[in-house]
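Please keep the coordinates open while reading.

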Amino acid sequence: MKRRAALAGAVALTAGLTLAGCSSAESGPDITVSGGFMPQPVSDMAAGFLVVKNSGTTSDRLTSVTSPLSDDVTIHETKNQAMRMVTSFDVPAGGELNLERGGNHIMFMKLKQRPKQGEKVSVELHFEKADPIKVDLPVKETTYNPKTQ
Ligand code: CU
């Protein structure tokens, strides 16, 4: 955890130096989302995982997630194997927010239906500064973890 934060800091610093000489550089966050998935739910709850990358020079925050799958979608962090709702996640300038198994995640409660492997779940990510971003999360097998594939 600490090592990752230090790394992100170093990347941000490098990006800042590179852009310092460019007066017409776009300011503000520049957000892209990749690697999203949802393990096939086995109850009326589900989790979602993805990576939010900020290539911009301004930090941003993921503040909420909405989805047609559930009216009760929240963002959670995991600490000491217990999860807890948070109001936002930092998306550092030149850095990434990783929502990954065993860590931070999107939590869907009271599912309106149970999506099956091979289907897709639409979500919309809301940020403090950047415009909302819509992505489809492919539904994977229940135990799927890209880190161990
Ligand atoms: Cu959770």
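The 4 donor atoms around the copper ion subtend angles of 99 to 117 degrees, so the arrangement is tetrahedral; for four donors, that term requires all angles to lie between 85 and 135 degrees. Donors are N, O and S atoms within 2.8 Å of the metal (3.2 Å for Na, K and Ca), and sites may look incomplete as water is not among the atoms. The protein supplies His 76 (ND1), Met 83 (SD), His 105 (NE2) and Met 107 (SD), at 2.1 to 2.2 Å from the copper ion. Their spacing in sequence is H-x6-M-x21-H-x1-M.

The model is predicted: local features need pLDDT of at least 70 and side-chain atom pairs pLDDT 80 or more, whereas totals for chains, interfaces and linings use all residues. Residues are numbered from 1 along each chain as its sequence is written, and side-chain values use heavy atoms, without hydrogens and water.

Both His 105 and Met 107 are buried, that is, under 20% relative accessible area with a 1.4 Å probe and protein chains only. Glu 77, in strand S4 (residues 72–79), is buried as well, at 12%. Strands are DSSP runs (E, at least two residues) numbered from the N terminus. Beyond four places in sequence, Glu 77 is in contact (heavy atoms within 4.5 Å) with residues including the donor Met 83. The side chains of Glu 77 and Arg 84 form a polar contact at 2.6 Å, the term denoting N or O atoms within 3.5 Å, one able to donate a hydrogen and the other to accept it.

Note on methods: Helices (H or I, at least four residues) and strands (E, at least two) are DSSP runs, numbered from the N terminus. Buried means under 20% relative accessible area, exposed over 50%, partly exposed in between (1.4 Å probe, protein chains only). Four donors count as tetrahedral if all angles lie between 85 and 135 degrees; four count as square planar and six as octahedral if opposite donors are over 155 degrees apart and all others between 65 and 115; anything else is irregular.
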